[in-house]
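Good morning, and thank you for joining. I would ask you to look at the sequence and the structure first, and then to follow me through the charged pairs and two further sites.

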Amino acid sequence: MKSSTNSSNWKDVRAKLLSKEEDLESDMRMDIMSELIEDRNENSISQRKLEELSGVSKIDIARMETGKTSSQLDTVLKVFASLGKILAVVLFRTRASLER
């Protein structure tokens, strides 16, 4: 019960602080970084090893994973490519759905 109250409160705070577009962008960034972290951990690849594989500094990888930076798309693509992954974009919300 308590968690649903907290969840509700967080949704209210997000709604007040972020536009619908910003909220969607935040969710997408979180989904992408969660996938990166999950894949890296499942394959027992350290941030240091990922630096060697991708050419992206360990510091930048750590910042990406913690959300302390909004990385350039080419940087994200380098990291995913070094893990043997591609980044696919699926448009699941339209502008009309954002206006609701």
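**Salt bridges and selected sites**

Lys85 is partly exposed, with a relative accessible area of 35%; buried here means under 20% relative accessible area, exposed over 50%, and partly exposed in between, with a 1.4 Å probe and protein chains only. Before I continue, please note that this is a predicted model, in which local features need pLDDT of at least 70 and side-chain atom pairs count only at pLDDT 80 or more, while totals for chains, interfaces and linings use all residues. Residues are numbered from 1 along each chain as its sequence is written, and side-chain values use heavy atoms, with hydrogens and water left out.

Which residue forms a salt bridge with Lys85? The partner is Asp39, and the closest N and O atoms are 3.5 Å apart. A salt bridge is a side-chain nitrogen of Lys or Arg within 4 Å of a carboxyl oxygen of Asp or Glu. Asp39 lies in helix α2 (residues 20–42) and Lys85 in the loop between α5 and α6 (95–98), so the pair ties together parts that are 46 residues apart in sequence. Helices are DSSP runs of H or I with at least four residues, numbered from the N terminus. Asp39 is buried, at 6% relative accessible area.

How many salt bridges does a search of the whole structure find? The search finds five. Side chains of opposite charge can pair when their charged atoms come close.

Let me turn to two pairs within helices. In helix α3 (residues 47–54), Glu51 and Arg48 are three residues apart, about one turn of the helix. Their closest N and O atoms are 2.8 Å apart in a salt bridge. Glu51 is partly exposed at 22% relative accessibility, and Arg48 is partly exposed at 45%.

Helix α4 (residues 58–66) holds Asp60 and Arg63, also three residues apart, about one turn of the helix. This salt bridge has its closest N and O atoms 3.9 Å apart. Asp60 is partly exposed at 32%, as is Arg63 at 41%.

Thr75 lies in helix α5 (residues 73–82) and is buried, with a relative accessible area of 19%. Leaving aside neighbours within four places in sequence, Thr75 is in contact (heavy atoms within 4.5 Å) with Val56 and Met64.
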